[in-house]
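Please keep the sequence and the structure in view while reading.

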Amino acid sequence: MGKSPILNGARVTLRPPRPDDVKGRVALGRDPEIARMFGALLPGPLPVTEDEAADWLDHLALQEQGWMIDHDGRLIGSVFLHGVDPVDRRARLALGILARDCLGQGMGREVVRLVLGHAFGVMGLHRVDVRVLDYNERARRCYLACGFVEEGRERQSARVGNEWHDDIIMGVLADEFEGAA
């Protein structure tokens with residue numbers, strides 16, 4: 001289904017999407033705390049239908065560089081590089097750990113380091129950037145630990161509920177990652 005290579009870490013495996021990921025995504029549901037970190041407000045935990053999970057999987061399967069995140073044989077999220085520009089040798093990172101019990105354990109750092117190692121090594125990229133909402137401290141700490149630096153912000157560019165929030169733009173260059181790895 002997917003084209004990306006398998007990337008193995010100490011606790012996580014990044015692998016291409018496969019059809020049984022629909023069931024894995026349904027099992028994760030929608031957690032309000034996690035949804036808020038992506039800019040969505042939920043009234044409480046919500047289910048994910050098989051159709052919604054299939055659409056999610058179809059979107060990820062279209063990514064040239066996209067992976068499902070497995071921990072102990074269980075789907076816990078996804079990560080991909082998009083907007084890959086072979087001329088400027090850059091891409092944007094998108095990461096989502098959707099299992100609440102896997103947050104705050106360093107798995108995000110492991111995922112980011114695996115993807116950056118692939119991006120700067122195999123793909124030969126020069127730069128990877130990411131956008132994160134200003135209140136998502138967990139994600140910001142993760143990216144900083146992986147060598148990203150805050151480059152700027154788009155002021156009040158995201159409306160979450162009735163409040164405006166900044167998008168923080170962070171980037172890492174190949175030589176910065178080598179020093180942080």
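D134 has its place in the loop between β6 and α5, where helices (H or I, at least four residues) and strands (E, at least two) are DSSP runs numbered from the N terminus. The model is a predicted one, in which local features need pLDDT of at least 70 and side-chain atom pairs count only at pLDDT 80 or more, while totals for chains, interfaces and linings use all residues. Residues are numbered from 1 along each chain as its sequence is written, and side-chain values use heavy atoms, with hydrogens and water left out.

Although D134 is buried, it has no salt bridge, and R153, the nearest side chain of opposite charge, is 4.5 Å away. Here buried stands for under 20% relative accessible area, exposed for over 50%, and partly exposed for what lies in between, with a 1.4 Å probe and protein chains only. A salt bridge is a side-chain nitrogen of Lys or Arg within 4 Å of a carboxyl oxygen of Asp or Glu; for opposite charge, Lys and Arg count as positive and Asp and Glu as negative, whereas His and the chain ends are not counted. Not counting residues up to four places away in sequence, D134 touches R140, R153, H165, D166 and I168, a contact being heavy atoms within 4.5 Å.

## The sheet and its helices

The sheet is open and consists of eight strands in the order β1-β2-β3-β4-β5-β6-β8-β7, with mixed pairing; two strands pair if DSSP finds at least two bridges between them. Because β1 (7-8) and β7 (149-160) stand at the edges with a single partner strand each, one side of each is left without a neighbour in the sheet. β1 runs antiparallel to strand β2 (residues 12-15) and is joined to it by two bridges, and L7 has L14 in β2 as its bridge partner.

Helix α5 (residues 137-145) packs on the sheet, where it touches β5 (90-97), β6 (127-133), β7 and β8 (163-173), and its direction makes about 160 degrees with that of β6. Helix α3 (residues 50-61) lies across β3 (65-71) and β4 (74-85), running at about 40 degrees to β4. For these angles, axes are lines fitted to C-alpha atoms, for helices over the stretch in contact, and values run from 0 to 180 degrees between N-to-C directions.

## Nonpolar cores

In soluble globular proteins, nonpolar side chains tend to be buried together. A nonpolar core is taken here as a set of buried Ala, Val, Leu, Ile, Met, Phe, Trp, Tyr and Cys residues joined through side-chain atoms within 4.5 Å. The largest one holds 48 residues, of which L93, V128, Y143 and F148 touch the most other members, and its largest share, eight residues, comes from helix α4 (residues 107-120). A second, separate core has five residues, among them M37, Y135, A158 and V160.

V130 is found in strand β6 and is buried, with a relative accessible area of 2%. Leaving aside neighbours within four places in sequence, V130 is in contact with L93, Y143, F148, I168, I169 and M170. By contrast, P86 in the loop between β4 and β5 is exposed, with a relative accessible area of 68%.

## Salt bridges

Across the whole structure, a search finds 19 salt bridges. One of them joins R11 to E110, the closest N and O atoms being 3.4 Å apart; R11 lies in the loop between β1 and β2 and E110 in helix α4, so the pair ties together parts that are 99 residues apart in sequence. R11 counts as partly exposed at 34% relative accessibility, whereas E110 counts as buried at 13%.

R153 forms a salt bridge with D166, with the closest N and O atoms 2.9 Å apart, and this pair links strand β7, which holds R153, to strand β8, which holds D166, the two residues being 13 residues apart. R153 is partly exposed, with a relative accessible area of 38%, while D166 is buried, with 14%. A network of salt bridges links E137, R140, E150, R153 and D166.
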